[in-house]
Amino acid sequence: MGNYSRLFFLIIILFLAVFMLLNPQETVNAASSGFKLWFSIIVPALLPFFILAELLVNLGVPRILGILLEPVMRPLFNLPGCSSLVVVMGFTSGFPVGAILSKKLYDEKMISGEEISRLVSFTNNCSPLFIIGAVGVGMFGSPFLGYILALSHYLSNLIVGMFWGLRAKKPLRNRSRLPLSQELSQALAEARENYCGPGKLLSDAIKNSLNNILAIAGFIILFSVITQMFSFWGIIDLLALFLLKILSVFNLSYELIYGWLMGLFEITIGARAITATSPANILPQLLAVSSILAWSGLSIIAQVMSIVVGTPVKLSFYLYSRLMQMFLSIIITTAAYKLLASGQQSVLSFSLPYHKALYSFDAWGISIACLWVCFLLLAFMLAVSLYPRRT
């Protein structure tokens, strides 16, 4: 299997090199589009979370949360308490914060190989800024539809995490029987021993975060060019015509299928192509966008797998989780739309061109608001976890 994958990768690279030589202007346009997306959405949406995540891990916060939140995380996801930070930040930030934090916990031997596989499978999500802002406001012209997409996206991924938790074996009881206060004292003492001063902490956090954000830029630009190559050479067009015949019973448009295929490579390009169509019923558009948000695109999948390289995380398991989320998100999106927005044309309240949407809303402000949500969720989980100890 390894030889076949290596051959396939080599063929793609050779085709890409030929495309770049024969079509330099198309290559530059695609790379420029990917760079604008990274600069206007990805950087403000993820950089604050990257820095905060580095600081929290280096300060020993996951170990403390692991002691306090074990009673919450085990029943919900069959994961150790330290994974609560990954879950909360993965659901309030965006790709690939969940993978980065999961890898750090695995390197610190705080989670097992089986646990990191399950943790990575459901903690990598689109950011609220992207779903509600770029997709809801910028593409659909409706923040309300953005909320529906966000609900289906996050709820479906939570269900995936709970499903894998039920399927996993229950861990052996290896926690010490020490009182809570003594366990916390040991964790705090260990954190003090590893503390290296605010200057070095900030410096390391910023350097590592910038390295991660630059790596993401490379993936986005590369897959923007690859997607443009498949589109320019008519490969996606042939696939769209093939699917159009197979799915003719559903009465889907060629443009919708074409955009959906684009989204399998890069979600932003695909969502923009899908929402550019003008169907009589907006539900098929909504379902197509919801499914590619759940799939996340080969660009994001490549980012996640590059981060967790050297761990037991398998690509097949991650892809299977994405397919599960796609199926669940379609069901949830359909139910939410039927219950909340069916027949209400007013949900399409205004239209904002996509290129303006990328630069118009307060991206940094929304990111800081998401950080507040992250801390509030952790506070709520702590309250739930500590309540039984007082009784």
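**Entry 1: Lys109 and its loop**

I started at Lys109, which sits in the loop between helix 6 and helix 7 (113-122). This is a predicted model, so I kept in mind that local features need pLDDT of at least 70. I then looked up accessibility: Lys109 counts as exposed because its relative accessibility is 74%, and the cut-off for exposed is over 50%.

**Entry 2: Ser296, another positive phi**

Next I turned to Ser296, in the loop between helix 15 and helix 16. Ser296 is not a glycine either, and its phi is positive at about 80°. Is Ser296 buried or exposed? Its relative accessibility is 1%, so Ser296 counts as buried. I noted the pair this way: Lys109 is exposed, whereas Ser296 is buried.

I went back to helix 6, which covers residues 97-107 and holds Tyr106. Tyr106 counts as partly exposed because its relative accessibility is 24%, and buried would need under 20%. Which residues does Tyr106 touch, leaving out those up to four places away in sequence? I listed Ile111, Ser112, Gly113 and Ile116, and then Gly310, Thr311 and Pro312. I also looked up Val308: 202 residues separate it from Tyr106 along the chain, yet their C-alpha atoms are 9.5 Å apart.

**Entry 3: the whole chain**

I stepped back for the overall picture. The protein has 391 residues, and 51% of them are buried. I counted 19 helices and zero strands. How many of the contacts between residues at least 6 apart in sequence join residues at least 24 apart? The share is 79%.

**Entry 4: helix 13**

Helix 13 runs over residues 254-265, 12 residues in total, and reaches 18 Å from its first C-alpha to its last. That is close to the 16 Å expected at 1.5 Å a residue. Its buried residues are Leu256, Ile257, Tyr258, Gly259, Leu261, Met262, Gly263 and Phe265. What covers them? I found that the cover includes helix 11 (198-232), helix 12 (235-246), helix 14 (267-275), helix 15 (283-295) and helix 16 (297-307).

**Entry 5: cavities**

I searched the whole structure for cavities of 30 Å³ or more and got two. Helix 2 gives the largest share, five residues. By class, I noted 12 nonpolar, five polar and one charged residues in the lining.

**Entry 6: cysteines**

Last, I looked for disulfides, and the search of the whole structure found zero. Cys82 has 4% relative accessibility, so it counts as buried. Cys126 is buried too, because its relative accessible area is 2%.

Note on methods. Residues are numbered from 1 along each chain as its sequence is written. This is a predicted model: local features need pLDDT of at least 70, side-chain atom pairs count only at pLDDT 80 or more; totals for chains, interfaces and linings use all residues. Side-chain values use heavy atoms; hydrogens and water are left out. A disulfide is a pair of cysteine sulfur atoms within 2.5 Å. Buried means under 20% relative accessible area, exposed over 50%, partly exposed in between (1.4 Å probe, protein chains only). Helices (H or I, at least four residues) and strands (E, at least two) are DSSP runs, numbered from the N terminus. The expected span of a helix is 1.5 Å times one less than its number of residues. Contact means heavy atoms within 4.5 Å. On a 1 Å grid over the protein atoms alone, a cavity is a set of points where a 1.4 Å probe fits but cannot get out, and a pocket is an open set with protein on both sides within 12 Å along at least five of seven lines; lining residues have an atom within 4 Å of a point. Grid points are joined across faces, edges and corners, and a volume is the space filled by probe spheres set on the points. Ala, Val, Leu, Ile, Met, Phe, Trp, Tyr, Cys and Pro count as nonpolar, Asp, Glu, Lys and Arg as charged, and the others, Gly among them, as polar.
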